Amino acid sequence: MQLLDGKKVSEEILEEIKLEVDKLKAENKKVPHLAVILVGNDPASETYVGSKVKNCARVGFKSTLIQLPSTIEESALLKKIEELNNDADIDGFIVQSPLPKHISDDKVINAISPAKDVDGFHPENLGRMALSMPAFIPATPFGIITLLDRYNIPTSGKHCVVIGRSHIVGLPISLLMMRNSKRGNCTVTICHSKTVDLKSYTQRADILIVATGQTESVTADMVKDGAVVVDVGISRIPDATKKSGFRLVGDVKFDEVAPKCSYITPVPGGVGLMTIASLLKNTVEGVKRKTK
């Protein structure tokens, strides 16, 4: 068993991005500018956004954090999005989820200009991605295929099973894994909460991608020997042995599944770090597109 080390690979990508930004600066070209809209004060969102801002500074990006109250009217948020769409200095921006219940996720996603949608959630970007056209790829799926690529894991002709069908992870990664591309050409099966006899599918997977949000729901008896397992989930569970009183785990029961695998992502230290690196990679790509 070998770990798919997201920490190691994300560090490599961040260094590569920094070199690109240093070159842009040396040539007196525009430095990438990423903006983040944070609505409310959800602790997990604040931590995640803080990490994005910190990594922007590390690679030499300009970053702007726009904090808005959870009581903001939907129309006011959409107006702020339109301002960012029209700000020529901003190359990409995201609206951090989750949003307050009175704000429509769909309206927010559709309001973001596809040219600045570095999260890759706009229908135009998802549609272009599905057709193998140039597009911003959603950051978590982008991170997964990059991780597979950096470890030279063969995908052509393999059976990939994806558990989860969200537009953030499950749907886009299934499209990417079946595309006629270097890190694609799989036969893909998508499973979800209504799948009957889930185990009968997961046991046949050469590559198993788990994005259910159900803590440690994938166990050793569900995984075949030698499989590649990618765990997208991350949750806190109580742990009296830790100073914090909790520990982080994924959707896969790591300790019992790992010995059966050829490769597996750890939690933490796997897909999560790749997501942020991929977001910054998309932002650099946004700058390149504007200067072509």
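## Strands E2 and E4

Ala 35 has Phe 93 in E4 as its bridge partner. This is a predicted model, so keep that in mind throughout. The strand on the other end of that pairing is E2 (residues 33–39), which runs parallel to E4 and is joined to it by 4 bridges.

E4 itself covers residues 92–95, and both of its faces are covered. Gly 92 and Ile 94 sit on one side, Phe 93 and Val 95 on the other, and all of them are buried.

## The six-stranded sheet

Next up is an open sheet of 6 strands, paired in parallel and ordered E1-E11-E8-E7-E5-E6. The edges belong to E1 (2–3) and E6 (187–191); each has a single partner strand, so one side of each is left without a neighbour in the sheet.

## Where H1 meets H6

Now for the helices. H1 (residues 6–26) packs against H6 (residues 139–150) with the axes 11 Å apart and an angle of about 100 degrees between them. Angles of 65 to 115 degrees count as roughly perpendicular, so that is the label for H1 relative to H6.

On the H1 side, the contact is made by Gly 6, Val 9, Glu 12, Ile 13 and Glu 16. Their counterparts in H6 are Thr 146, Leu 147 and Arg 150. By type, the residues of this contact split into 3 nonpolar, 2 polar and 3 charged.

## A closer look at Gly 143

Helix H6 also holds Gly 143. Is this glycine buried or exposed? Its relative accessibility is 0%, so Gly 143 counts as buried; the cut-off for that is under 20%.

Which residues does Gly 143 touch, leaving aside neighbours within four places in sequence? The answer is Met 274 and Ser 278. As for Leu 14, Gly 143 lies 129 residues away from it in sequence, and the two are 12 Å apart in space, C-alpha to C-alpha.

## The nonpolar core

The largest nonpolar core takes in 46 residues. Those with the most contacts inside it are Phe 61, Ile 144, Ile 173, Met 177 and Ile 209.

Take Ile 209 and set aside its neighbours within four places in sequence: its contacts then include Ile 144, Ile 173 and Met 177. Ile 209 also touches Cys 160, Val 161, Val 162 and Ile 163, along with Val 230 and Val 232.

Technical notes: Residues numbered from 1 in each chain as written. Predicted model: local features only at pLDDT ≥ 70, side-chain atom pairs only at ≥ 80, totals over all residues. Heavy atoms only, no water. Buried < 20%, exposed > 50% of the residue type's maximum accessible area, 1.4 Å probe, protein only. Helix = DSSP H or I, 4+ residues; strand = E, 2+ residues; numbered from the N terminus. Pairing = 2+ DSSP bridges. Axes fitted to C-alpha atoms, helices over the stretch in contact; angles between N-to-C directions. Parallel < 35°, antiparallel > 145°, perpendicular 65-115°, else oblique. Contact = heavy atoms within 4.5 Å. Nonpolar A, V, L, I, M, F, W, Y, C, P; charged D, E, K, R; others polar. Core = buried A, V, L, I, M, F, W, Y, C linked by side-chain atoms within 4.5 Å.
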